[in-house]
Amino acid sequence: PALCEAGVTVLAPSDAAWAQLEPRSRADPVLIRQVLLAHICSGVHMRSDLVAKRTAVALAGQTHAAALEGGEMHVGTARVLRADLPFDSGVIHELGSVMAVLHFAREAHEEQVWKKSLQPAPRIVVVTAAGAATTSDYELHGCLLHAATGQLLPDALRGHVRSLQPRLHQSQVQQVTFSDLCVMTKPPSLQRRRGAGLDDGANRYRLLFSLWNSSTLSYVSWQHMPTPLLIRNSFHM
């Protein structure tokens with residue numbers, strides 16, 4: 001009810017676009033729920049709003065970049081065919097393809113050790129469909145943000161880039177595991193003098209996984225791992 005009161009924005013693939021999603025994916029209720037939630041946004045956002053904000057944040061937590069390219073509107077990995085189609089609960093933007101969807105099959109634990117591979121290794125499911133650029137154009141990047149400030153920390157991770165496999169069929173579901181991902185940046189509290197006291201808040205981070213288009217050199221979609229990270233010198237069990 002609260003969602004309906006705020007209105008919704010539906011990034012709706014056309015019937016032809018939905019048909020390009022492989023039958024096995026359409027028959028998987030868990031997967032299709034993630035796909036649907038990645039195409040619905042809370043609130044009513046017209047085309048001009050998306051262009052101004054440059055993003056569309058879906059109910060699943062995934063953020064899609066929104067941009068004008070060559071006079072055409074793109075959201076995430078999809079091209080907008082028709083925009084600003086009103087309906088009783090909000091607005092619809094029709095897409096030429098199902099957008100690439102990112103969701104977590106496995107998260108890392110909250111407590112992790114500096115310079116050690118995250119345990120367990122994060123695993124992300126990437127759903128792509130025909131109509132978007134081929135997945136060979138894309139990479140999946142892990143990024144680290146400081147939880148307190150939201151600051152993106154460059155060169156903070158090792159083992160954080162994975163190339164996506166080229167699509168062999170009309171659509172594809174890939175599981176991408178970051179088995180050697182580790183935090184290389186030294187948390188602020190670990191840099192303090194011994195005995196000066198530790199502040200766990202300074203050691204807290206958020207892990208973000210982003211879809212990088214290597215053709216346009218831009219991030220087109222990203223998803224936060226729900227579990228935050230607390231980085232220590234060693235495990236304290």
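Of the 237 residues in the protein, 46% are buried, where buried means under 20% relative accessible area, exposed over 50% and partly exposed in between (1.4 Å probe, protein chains only). The model is predicted: local features need pLDDT of at least 70, side-chain atom pairs count only at pLDDT 80 or more, and totals for chains, interfaces and linings use all residues. Residues are numbered from 1 along each chain as its sequence is written, and side-chain values use heavy atoms, with hydrogens and water left out.

**Overall organisation**

- The protein has five helices and 18 strands; helices (H or I, at least four residues) and strands (E, at least two) are DSSP runs, numbered from the N terminus.
- Contact means heavy atoms within 4.5 Å. Among contacts between residues at least 6 apart in sequence, 64% join residues at least 24 apart.

**Nonpolar cores**

- In soluble globular proteins, nonpolar side chains tend to be buried together.
- A nonpolar core is a set of buried Ala, Val, Leu, Ile, Met, Phe, Trp, Tyr and Cys residues joined through side-chain atoms within 4.5 Å.
- The largest such core has 27 residues, and those with the most contacts inside it are Ile-124, Leu-140, Leu-144, Leu-207 and Leu-229.
- Two or more residues of this core come from each of β8, β10 (123-129), β11 (138-146), β16 and β18 (229-232). Strand β16 gives the largest share, four residues.
- Leaving aside residues up to four places away in sequence, Ile-124 touches Leu-102, His-103, Phe-104, Ala-105, Leu-140, Gln-174, Gln-175, Val-176, Phe-178 and Phe-209.
- Another core, of 11 residues, lies apart from the largest one; among its members are Leu-11, Cys-41, Ala-66 and Met-99.

**Aromatic pairs**

- The structure holds three aromatic pairs. Rings of Phe, Tyr and Trp (its six-membered ring) pair if their centres lie within 6.5 Å; planes under 30 degrees apart count as stacked, over 60 as edge-to-face and the rest as tilted.
- Phe-104 and Phe-209 are edge-to-face, because their ring centres lie 5.7 Å apart and their planes stand at 70 degrees. This pair links distant parts of the chain, with Phe-104 in strand β8 (residues 101-106) and Phe-209 in strand β16 (residues 204-213), 105 residues apart.
- Phe-104 is buried at a relative accessible area of 17%, and Phe-209 is buried at 1%.
- Trp-212 and Tyr-219 also form an edge-to-face pair, at 4.8 Å centre to centre with 65 degrees between the planes. Trp-212 is buried at 19% relative accessibility, whereas Tyr-219 is partly exposed at 33%.
- One aromatic cluster is formed by Phe-104, Phe-178 and Phe-209.

**Salt bridges**

- Side chains of opposite charge can pair when their charged atoms come close.
- The structure holds six salt bridges, each a side-chain nitrogen of Lys or Arg within 4 Å of a carboxyl oxygen of Asp or Glu.
- Glu-22 pairs with Arg-24, with the closest N and O atoms 3.8 Å apart. Glu-22 is buried at 13% relative accessibility, whereas Arg-24 is exposed at 66%.
- Arg-82 and Glu-94 form a salt bridge at 2.6 Å, N to O. Arg-82 lies in strand β6 (residues 78-87) and Glu-94 in strand β7 (residues 90-95), so the pair ties together parts 12 residues apart in sequence.
- Arg-82 is partly exposed, with a relative accessible area of 48%, while Glu-94 is buried at 17%.
- In the salt bridge of Glu-110 with Arg-204, the closest N and O atoms are 2.6 Å apart. Because Glu-110 lies in the loop between β8 and β9 (111-113) and Arg-204 in strand β16, this pair ties together parts 94 residues apart in sequence.
- Glu-110 is partly exposed at 35%, and Arg-204 is partly exposed at 28%.

**Helix α4**

- Leu-31, Ile-32, Gln-34 and Val-35 are buried in helix α4 (residues 29-37).
- Seen down the axis of α4, the buried residues fall within an arc of 155 degrees, so they line one face of the helix; the arc is that of the directions from the helix axis to the C-beta atoms.
- The face turned away from the buried side of α4 carries the exposed residues Pro-29, Val-30 and Arg-33.
- The cover over the buried residues of α4 includes α2 (15-19), α3 (23-26), β8, β10 and β14 (171-177).
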